[in-house]
Amino acid sequence: MKNVLVLMHDDAGQEARFQAALDLTRALDGHLTCVDVSITPLFIGDYAGTGGEALMMADEQAREKENRERMEARLRVEDVPYDWIDECGFLSPCMRDAATMADLVVLNREIDGIHFPDMRELVGDVLLKSNKPIIAVPASARRFDAFGNALVAWDGSREAEAALRAAVPLLRHAKSVTILAADDGSLKIPAQSAAEYLSRHGIEPEIRERSALTELASTVVLDTVKAIDAAYVVMGGFGHSRFIEAAFGGVTKRMLKESPVPIFLAH
């Protein structure tokens, strides 16, 4: 895990993404790729037909040109190797294309009060269609503590397995690793198997088992984040269909909305 990709765009979540990406690149002794997307605007009614599209796109590109100048000035004094890519178009396709050679993608989990760009929708789209792990950070975050306590949310699913495998290079740096098995009666692969897998990579985790029969699995995970002072959470993303997640809510959806710490997601 050496190639870290981060979305650069002049919005309220950029600083969180930027700081997390720098910390991750340093911890992994990697390379940072910054993708600055001038986002194609959405229109209502006939505005696009009156030339509004071209004007708004020109304004967007001018803002992102200034954004690149400002952020590259900061990057030049950081101790990370990087490159910068300028893209223009719709956000999800641009990020999916840019993620082709990335090992890890840094995005926001949600930006309070901001509906465009929809970061939660972006996370789901990039995660499912690029098949690359994502670090989804709160907009208020100003660092990623790769050397803090890590929490692995384990439900024995294929998504959880994928997240565990993908996170190994990061988990090696953690001060401690806790595997949380929130069992609702459907746990097919026990947490002990996950612990044995990590042990073969030189990681000795602690196992915590909690019942999810009387409370939501997401509540159990959020409570444990606080209890162990977790720096980040590793979990499978969108384990059920996107329709079920949207209609009934789910662990992924709630964590993207409420988690106080960054989330490492894989699918």
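This is a predicted model: local features need pLDDT of at least 70, side-chain atom pairs count only at pLDDT 80 or more; totals for chains, interfaces and linings use all residues.
Biologist: Let's start simple. How many helices and strands does the protein chain have?

Modeller: There are nine helices and ten strands. The chain has 267 residues, and 51% of them are buried.

Biologist: Why is Ser38 called buried?

Modeller: Ser38 has a relative accessibility of 7%, and buried means under 20%. The value falls under that cut-off, so Ser38 counts as buried. Ser38 sits in strand 2, residues 31-39. Leaving out residues up to four places away in sequence, Ser38 touches Met57, Glu60, Gln61, Glu64, Glu87, Cys88 and Gly89.

Biologist: And what makes Ala191 buried?

Modeller: That's the 20% cut-off again. Ala191 comes out at 1% relative accessibility, so Ala191 is buried. Ala191 lies in helix 6, and its contacts beyond four places in sequence are Trp154, Ile179, Ala181 and Ile207. Ile179 is twelve residues from Ala191 along the chain, with 6.9 Å between their C-alpha atoms.

Biologist: What makes Asn131 exposed?

Modeller: Exposed means over 50% relative accessible area. Asn131 has 54%, so Asn131 is exposed. Asn131 is in the loop between helix 4 and strand 5. The phi of Asn131 is near 60 degrees, a positive value in a residue other than glycine.

Biologist: How do you know that Asp229 is exposed?

Modeller: Asp229 has a relative accessible area of 60%, and the cut-off is over 50%, so Asp229 counts as exposed. You'll find Asp229 in the loop between helix 7 and strand 9. Asp229 has a positive phi of about 55 degrees, although it is not a glycine.

Biologist: What makes helix 3 and helix 4 oblique?

Modeller: Helix 3 and helix 4 pack at about 40 degrees, with axes 10 Å apart. Roughly parallel needs an angle under 35 degrees and roughly perpendicular starts at 65, so helix 3 and helix 4 are oblique to each other. Helix 3 passes helix 4 in a right-handed crossing. Leu91, Ser92, Met95 and Arg96 in helix 3 meet Leu122, Asp125, Val126 and Lys129 in helix 4.

Biologist: What about the nonpolar core? Which residues have the most contacts inside the largest one?

Modeller: Those are Ile135, Leu170, Leu171 and Tyr232, in a core of 49 residues. Helix 5 gives the most to this core, with eight residues. A second, separate core has 39 residues, including Leu5, Leu91, Val221 and Val261.

Biologist: What does Ile135 touch?

Modeller: Beyond its neighbours within four places in sequence, the contacts of Ile135 include Leu24, Leu104, Phe144, Leu170 and Phe264.

Technical notes: Residues are numbered from 1 along each chain as its sequence is written. Side-chain values use heavy atoms; hydrogens and water are left out. Helices (H or I, at least four residues) and strands (E, at least two) are DSSP runs, numbered from the N terminus. Buried means under 20% relative accessible area, exposed over 50%, partly exposed in between (1.4 Å probe, protein chains only). A nonpolar core is a set of buried Ala, Val, Leu, Ile, Met, Phe, Trp, Tyr and Cys residues joined through side-chain atoms within 4.5 Å. Contact means heavy atoms within 4.5 Å. Axes are lines fitted to C-alpha atoms, for helices over the stretch in contact, and angles run from 0 to 180 degrees between N-to-C directions. Angles under 35 degrees count as roughly parallel, over 145 as roughly antiparallel, 65 to 115 as roughly perpendicular and the rest as oblique. A crossing is left-handed if the near helix is turned anticlockwise from the far one by less than a right angle, and right-handed if clockwise.
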